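Open the model in your viewer and keep the selection panel at hand. Each stop below says what to select and what is there.

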Amino acid sequence: MTRRNRIETVRSGRTRRAVCHTAREDYCGQIAKLAVRALLYEVCIAPKPGLVDRLNNGAHRDMNLFTFLDSACALSGYFREITAQAMRLRRIPPERLLPHLRAPGKKAEREMFRATGGVNTHKGIVYSMGIFCAACGLLYDQPRRVPMERLFSLCAEIACGDHPQKEKMETNGERLYRQYRIEGVRGEAANGFPSARLHGLPALRRANAFGWDIDAAGIYTLFHIMAHLEDTNLISRSDLKTQRQVREQLVALLQTPGLSPAMLLSEAARMDQEFIRKNISPGGAADMLSMTLMAWWLEQEFPERFGGSALALSERK
């Protein structure tokens, strides 16, 4: 090989590496944007029973719409970093990845609290969406289109490596697990987020096929999640009996023949006033709505990378 050929080979290799680096950076940025967008849409969809939205503060006195907007923006860098970290560590088994994600997660929590003045707006989503973004990072180099089920199953593999650190004080989730064996957000993650995967995402696909606007589609999706999720946030602010009554009411509502957006939004507004009066809030379901929106947009904006399932494709016909 001549000297000129060697120089051209070196330059070509540098160019390829630069292009690959830029592509990876762009991908991490796109994943982070979708994650933040999911958080912003979730808080703006209204009326959500007992939850902060663009109409009111729900059953919360220490936070409002702007608290959530500040928090979501503060987490943008975290979602990018966690995706990039998973890409760098894609050769290790997924179940060994989580310890490498803890430091960015703790930093993200501090940034959230700094942005909100100490209010816990998104601590649960730092964990859940962090795992979801990490799964997206692990799948970056996949040569074929990945079914959405594979993305969720990879989340489960990552979460199964979770060995929670001993807290100085018992958390609500630990108390509910001790009393009722309800696993909360860690159980959701370890099972591949079934509330989003099995209930939220199919509901959102149907609502989109119906041509419903984002409020109606979002409430329809949220109600499907609430009808199946054992929401530790709601239980901790009421009791297990109340939470199960809410689930039963929503199952009956969603089975109503000819259910329309107007009926959904009317019932959501009624429930909102009831939840505010009872001081209850389904914060876990809100997090799973964010996860559902994220999965939906991945299907829409990365169709060459993330696909639906046979069931989803049949629903669109």
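The tour runs from the whole chain to single side chains.

**Before you start.** This is a predicted model: local features need pLDDT of at least 70, side-chain atom pairs count only at pLDDT 80 or more, and totals for chains, interfaces and linings use all residues. Residues are numbered from 1 along each chain as its sequence is written, and side-chain values use heavy atoms, with hydrogens and water left out.

**Whole chain.** Colour by pLDDT, the predictor's confidence in each residue, from 0 to 100. The average is 88, and 84% of the residues score at least 70. Now select residues 310-317, where pLDDT is below 50. Beyond near neighbours in sequence, this stretch has seven contacts in the model (contact: heavy atoms within 4.5 Å). Where pLDDT is low, the predicted coordinates should not be read in detail.

Switch to cartoon. The protein has 15 helices and two strands (DSSP runs numbered from the N terminus: helices are H or I, at least four residues; strands are E, at least two). Of its 317 residues, 50% count as buried (under 20% relative accessible area; exposed is over 50%, partly exposed in between; 1.4 Å probe, protein chains only).

**The core.** Select Phe 79, Met 129, Phe 132, Phe 223, Leu 298 and Phe 306. These have the most contacts inside the largest nonpolar core, which has 87 residues. Such a core is a set of buried Ala, Val, Leu, Ile, Met, Phe, Trp, Tyr and Cys residues joined through side-chain atoms within 4.5 Å. Another core, of six residues, lies apart from it; Val 43, Leu 65, Phe 68 and Val 119 are among them.

**Gln 243.** Go to helix α12, residues 240-254, and pick Gln 243. Is Gln 243 buried or exposed? Gln 243 counts as buried because its relative accessibility is 2%. Its side chain reaches the backbone oxygen of Leu 229 at 2.6 Å, a polar contact (N or O atoms within 3.5 Å; within protein, one must be able to donate a hydrogen and the other to accept it, and residues adjacent in sequence count only if both atoms are side-chain atoms).

**Ser 281.** Move to the loop between α13 (261-278) and α14 (283-301), where Ser 281 sits. Ser 281 is also buried, at 2% relative accessible area. A polar atom of its side chain lies 3.2 Å from the backbone oxygen of Gly 50. Beyond four places in sequence, its contacts include Leu 51, His 60, Asn 233 and Arg 237.
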